[in-house]
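Please read the points below with the structure open beside you.

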Amino acid sequence: MKLQNFFLIAVFIAFTGYTAAVVVDYGLTGFVDVAMAGGWALQIFIDLCVALTAFMVWMFGDAKERGIAAWPYAIGILCTGSVAALAYLVHRSFREPSGATGARPAHA
């Protein structure tokens, strides 16, 4: 297993565990109270929404290249946020793009 796969899996497990503990303590909508406090809390929430939306846009193209169904991850992102995004990255790390020859494309 590649080091990057191990790292992704470790982060996914740790973050999912922490998220589950927070949900148990504060409920599924506890983040709304925090975000509505305004100021930095709202800015961080909006920033997360922007980042996850950008991730989903990228994910659909990437998933098509790799033959991965993106819609379950998109629904997961809407329900769990970064947990599902990390799950996609773990899944992606084990799938090569369709037609991959093993060579990396040159960047301009």
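**Notes on the model**

1. Phe 31 is partly exposed, since its relative accessible area is 44%, where buried stands for under 20% relative accessible area, exposed for over 50%, and partly exposed for what lies in between (1.4 Å probe, protein chains only). This residue sits in helix α2, and helices here are DSSP runs of H or I with at least four residues, while strands are runs of E with at least two, both numbered from the N terminus.

2. Before going further, please keep in mind that this is a predicted model, in which local features need pLDDT of at least 70 and side-chain atom pairs count only at pLDDT 80 or more, while totals for chains, interfaces and linings use all residues. Residues are numbered from 1 along each chain as its sequence is written, and side-chain values use heavy atoms, with hydrogens and water left out.

3. For the chain as a whole, the secondary structure comes to five helices and zero strands, which gives the pattern α-α-α-α-α when read along the sequence. Of the 108 residues in the chain, 23% are buried. The chain exposes about 7800 Å², with carbon and sulfur atoms supplying 71% of that area; accessible areas come from the Shrake-Rupley method with a 1.4 Å probe, and for residues only the protein chains shown count as cover.

4. Phe 31 belongs to a nonpolar patch on the surface, formed together with Val 32, Met 36, Leu 42, Ile 46 and Val 50, and having about 540 Å² of accessible area in total. Patches are made of residues with over 30% relative accessible area and no salt bridge, like charges being joined within 9 Å and nonpolar side chains (Val, Leu, Ile, Met, Phe, Trp, Tyr) within 5 Å. Helices α2 (30-35) and α3 each supply at least two residues of the patch, and the largest share, three residues, comes from α3.

5. Which residues have the most contacts inside the largest nonpolar core? They are Phe 55, Met 59, Ile 77 and Tyr 88, in a core of 13 residues, a nonpolar core being a set of buried Ala, Val, Leu, Ile, Met, Phe, Trp, Tyr and Cys residues joined through side-chain atoms within 4.5 Å. At least two residues of this core come from each of α3 (39-66), α4 (71-80) and α5 (82-93), and α3 gives the most, with five residues. Leaving aside neighbours within four places in sequence, Tyr 88 is in contact (heavy atoms within 4.5 Å) with residues including Phe 55, Trp 58, Met 59 and Tyr 73.

6. Helix α4 deserves a separate look, and its buried residues are Tyr 73, Ala 74, Gly 76 and Ile 77. Seen down the helix axis, these residues fall within an arc of 160 degrees, so they line one face of α4; the arc is that of the directions from the helix axis to the C-beta atoms. What covers them includes α3 and α5, whereas Trp 71, Leu 78 and Cys 79 are exposed on the other side of α4. Just after this helix, Gly 81 takes a positive phi of about 70 degrees.

7. The count of salt bridges comes to two, where a salt bridge is a side-chain nitrogen of Lys or Arg within 4 Å of a carboxyl oxygen of Asp or Glu. In one of them, Asp 62 pairs with Arg 66, and the closest N and O atoms are 3.2 Å apart; because these two are four residues apart in helix α3, about one helical turn separates them. Asp 62 also meets Arg 92 in a salt bridge (2.7 Å, N to O), and this pair links distant parts of the chain, with Asp 62 in helix α3 and Arg 92 in helix α5, 30 residues apart. Through shared partners, the salt bridges join Asp 62, Arg 66 and Arg 92 into one network.

8. Leu 28 lies in the loop between α1 (3-26) and α2 and is exposed, with a relative accessible area of 69%. Leu 28 and Cys 79 are 51 residues apart in sequence and 9.3 Å apart in space, C-alpha to C-alpha.
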